[in-house]
Amino acid sequence: MKRTILIVDDSESVREMLTYSLEDAGYEILAGTDGEDALKYFAHDRKIHLVITDLHMPRLDGIGFIKKVRILDNYRYIPILFLTTESQGSKKEEAKKAGATGWLVKPFVADKLLTIIKKVLR
Amino acid sequence: MENLQEIFKAEANDLIEDLEKSLFSLEQNPEDKSLIERVFRVMHTFKGNCNMFGFETMGDFTHSLETIYDLIREGKLQLSEEILNITLLSVDHIRCVLDDGELANEENRKNHEKLVTGIDKIINENIGQIKSVAKDSPPVQQANEERLSTYYILFRPKDYILKDGTNPMYLLDELAALGKSKVSVHLHDIPRLDAIDAETCYIFWDIYLTTKAPITTIEDVFIFVVNDCQLEVHKIADENLLENKDFVEKIDKELSYKENIDVEELQKFVNSLYQNNQEAEVKKDELKTTSTSVNTGKKETSVSSIRVSSEKLDDLMNLVSELVTTQASLSLFAEQSNIPELMAIAENMEKISRRLRDNTFSICLIPIENMLTRFQRLVRDLSQELGKKIELKTEGTDTELDKSIIESLADPILHILRNSIDHGIEDVETRKKQGKNEKGTILFKAYYSGTNVIIEIKDDGKGIDPEKIRSKAISKGLIDENAQLSEKEMLDLLFLPGFSTAQQVTEVSGRGVGMDVVMRKISEIRGDVSLESKKNEGTSTIIKLPLTLSIIDGLLVKIKETFFVIPLASVGKVYEVNREKVTDTFNNLVVLDGRQVPFLNLHEEFTLKDDIPDLLQMVVVNYDENEVGLTVDEIIGEYQAVLKPLGKLYKDIDIISGATILGDGTIALVLDTNKIIKNFSEKTYKMEEIK
Amino acid sequence: MTAELSTTVNSFLSFKLGEELFAANVGKVLEILELSKITKVPQSPNYMRGVINLRGNVLPVVDTRIKFGMPEIADTINSCIIVLDIDIDQESVKVGLLVDMVQEVLHIDAENVQPPPSIGNKFKSEFIKGMGKVDDEFVMILDIDHVLTTDEISIIQSSVNEPVQEEKKKTTTRRKKTATASKASK
């Protein structure tokens, strides 16, 4: 059964890159352009196995988004990874507090990305 | 994969544009923190994307720029003209380099080095300021990065950790990969063989790791098990303790047997290894980064938008056009059928398709403001180059134009601006002498007028000297020495090919690329351009563009056997008139509602003079600020016309903007009333001259 | 697109204007239409008959007789419109040619095509690709792109055709924009 990964990032390049790598590896991909946009996927108890989100987005940013997802019953425990660059140390604490499971460092190598995802989805 | 590259480039271009726009706004409002944030963020996103797609050179380059703006946003550096200049130059450079990521081009490479040097200089000049900052500085992690540090890590997984498939050995491997390590395993919790549950974890580890990686990377390794274990990561030294014999000995002899290592004691021991208290404290606050990068509190309210390929838009437009045409046939059929239900449905269809049409059009319309960045750059760069002070003011930039027209406008407008900057606005000295403001102003104004969009470019420079034009025209044999020309006609001469009154053909405005090219380009999009000027006061270039979108609301009329469509937006009232009143008149004036209204007998104009009916319909249309009547035989009704071009063979017929196909397949010709009236008035003017 | 005559498909569609026989390369012919209602565009040159609706698109129709300087005649039952795909400024454009009668498709070998005579020819040689010999008759093979893109309203060798010249004057004055009355505004 295909697992579904939701990608949230306001950069089209990042979305496309992730979609490309992950679809290739056999995952089904949903994409949102920012936190607010991504929330629509949670509207109907859709089965989402993993969320990968950027932190810095307009309207609803990553932290806010993660918080909102964690409130929802069905999604309280799904793994949520956030994307970060080296210099965003402070955000990591905040994101973790908001309920993130872990992080991925940008720029990422496809192999590492897939390994981590496999780990998380086990 | 190439597709991804294209997406990256498309997004990169958007980001660069955004950046440039923000830089301009920033120039006007250097104190605006939100703008600096924005500039910083765009650079940050761009940098991230560059690194992700293999454009490391650009990523690094942007990183340096980003550093400058980071400093500015922390208040450690002041935004200056120099910084803005170099940033704008960098933006240009990035544009070039997008297609030359390896800097294979010699010029790009030179430029790159020059810019890098410039940027570094700015940063270094201000490093002094960085040092003098107090406790609220973000930890300069870079400093530590290169150094080896030693960490003590306690990894004590919970007993159920194996049950979800986690293999602690993988984690240890990962840790080991970060540097040099020494691991002590604690096995004393393992029960006797017969009591062992294969799925329970009984062991835990102490790990001493020496690595250059920051603590976050170490924690990284354990992200997914962080809730399923006891994890402690402590930095105990800023150097490689594993090379310290005493330390290693202590581990081997003592620590590996200790069940619960007291970190404080461990630290004390480590400290004691040194004579000087040099090592960094176990900084719990290294985990918390106190950064001054304040969220300005303003949530970005950006209008959500997506990028759509022009092809898709064109397809959409075509489909909508076809829908409108088919719906016209349907309406016709329904009307003739006399079936009320069918007629009602057809009417509904018409309403909906009209709304769909309007919506689709507005999608294809882009506000003029999108073009502005180019113009602002030109004004800025060129005025600097010529040593003049010029400000570009804009009005009505939210006026929208069809996307296909906007592209064609850019070059002509740039040229007009160049003229204003080069020949129009005087230098500071001259302006002062004339009592003018030192800073010249160029006003770029756009607004709607009837079925047109008007763009005015007005400068307060020295204006055009009609005498100079006159003499130049005479010398070029364009007019006769004794010819009497009105001011307007004089200015119109400038639109003739090869005309240039500049004393020296400056590099800027080019040779012979004069107003004639501007006029040609604008005619190609069915527009009109004219000049107005007052000596010493300034010059105004006025561009008039038709809003002829491909589907227009029109009035369907008939003249003899031919159907015509008059754009409804220009139509005022319709009157019935007698034939005598409008044929072979002395002056073309008719009295309507007590007013004298000039009119055009389209039968005469279109050489359809015979068999003019006794009773004619006079359609009064708007022309600039006036009213002009046009005679037709019959008025059929309102009609949504899908404009089809007449084609290249008819490209010189400007009075007809296109054709449309009626419900029954007949062709109706769409009239460009402005052109008709303009041509007519020019003709009569000439005729009067001859008289 | 201007291939040498010898390498093009040597099939030509022939048609008549009065007694003269012309031919155009079959490769350029899209279809042949019966004469239908043609909407005249006001203020257009005389040789532009008008436009017709070709399956939802606007097709301009050229009155070939007038273009070739022949006297106008009434349309007959044989008159029809040949739809051609021609090259204007490197763009592919559809044009309709109104002719008196369409004949047949002729297959002419390259060796039977002679270059147009430079003197004594009624029509300007730049519009004629060659003279094709079929049986004992000669067919004028037209350079259709050239014929339909030229501004000149007649391709007659000598411009001694009075009514035609009048036409020329009238249309050009209409086209002026400013002081210059030349049609050099291309």
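**Figure 1. A nonpolar surface patch on chain B.** Val185(B), Leu187(B), Ile190(B), Leu193(B) and Ile196(B) make a nonpolar surface patch of about 440 Å² in this predicted model. To count for a patch, a residue needs over 30% relative accessible area and no salt bridge; like charges are joined within 9 Å, and nonpolar side chains (Val, Leu, Ile, Met, Phe, Trp, Tyr) within 5 Å. Areas come from the Shrake-Rupley method with a 1.4 Å probe, and for residues only the protein chains shown count as cover. Val185(B) sits in strand E2 (residues 179-186) of chain B; helices (H or I, at least four residues) and strands (E, at least two) are DSSP runs, numbered from the N terminus. With a relative accessible area of 36%, Val185(B) is partly exposed. That label falls between buried, under 20% relative accessible area, and exposed, over 50% (1.4 Å probe, protein chains only).

A word on ground rules: the model is predicted, so local features need pLDDT of at least 70 and side-chain atom pairs count only at pLDDT 80 or more, while totals for chains, interfaces and linings use all residues. Residues are numbered from 1 along each chain as its sequence is written, chains are lettered from A and ligands numbered from 1 in the order in which they are written, and side-chain values use heavy atoms, with hydrogens and water left out.

**Figure 2. A salt bridge between two helices of chain B.** Asp92(B) pairs with Arg377(B) in a salt bridge, with the closest N and O atoms 2.5 Å apart. Asp92(B) belongs to helix H4 (residues 81-97) and Arg377(B) to helix H14 (residues 372-386), so the pair ties together parts of chain B that are 285 residues apart in sequence. The term stands for a side-chain nitrogen of Lys or Arg within 4 Å of a carboxyl oxygen of Asp or Glu. Asp92(B) is partly exposed at 26% relative accessible area, and Arg377(B) is buried at 7%.

**Figure 3. Two salt bridges in chain C.** In one, the side chains of Glu31(C) and Arg55(C) meet at 2.8 Å, N to O. Glu31(C) is in strand E3 (residues 29-34) and Arg55(C) in the loop between strand E4 (48-54) and strand E5 (57-63), so this contact ties together parts of chain C that are 24 residues apart in sequence. Glu31(C) is partly exposed, at 23%, while Arg55(C) is exposed, at 63%. In the other, Asp100(C) and Arg65(C) bring their closest N and O atoms to 2.4 Å. Here the loop between strand E7 (91-99) and strand E8 (101-107) supplies Asp100(C) and helix H1 (residues 64-67) supplies Arg65(C), so parts of chain C that are 35 residues apart in sequence are tied together. Asp100(C) is buried at 14% relative accessible area, and Arg65(C) is buried at 10%.

**Figure 4. A salt-bridge network in chain B.** Shared partners join Glu20(B), Asp92(B), Arg95(B), Arg377(B) and Asp381(B) into one network of salt bridges. Over all chains, the structure holds 37 salt bridges.

Figure 5. Glu104(C), Asp135(C), Asp136(C) and Glu137(C) form a negative surface patch. Asp and Glu count as negative, Lys and Arg as positive, and His and the chain ends are not counted; each charge is placed at NZ of Lys, CZ of Arg, CG of Asp or CD of Glu. Asp136(C) lies in the loop between strand E10 (128-134) and strand E11 (137-142), and is exposed at 71% relative accessibility. Glu19(C) and Asp100(C) are 81 residues apart in sequence but 9.6 Å apart in space, C-alpha to C-alpha.

Figure 6. Tyr208(B) and Phe247(B) pair edge-to-face, 5.8 Å centre to centre with 85° between the planes. Rings of Phe, Tyr and Trp (its six-membered ring) pair if their centres lie within 6.5 Å; planes under 30 degrees apart count as stacked, over 60 as edge-to-face and the rest as tilted. Tyr208(B) and Phe247(B) are both buried, and together with Tyr152(B) and Phe269(B) they form one aromatic cluster. In chain C, Phe15(C) and Phe22(C) are stacked, 5.9 Å centre to centre and 25° between the planes. Phe15(C) is buried at 1% relative accessible area, as is Phe22(C) at 0%.
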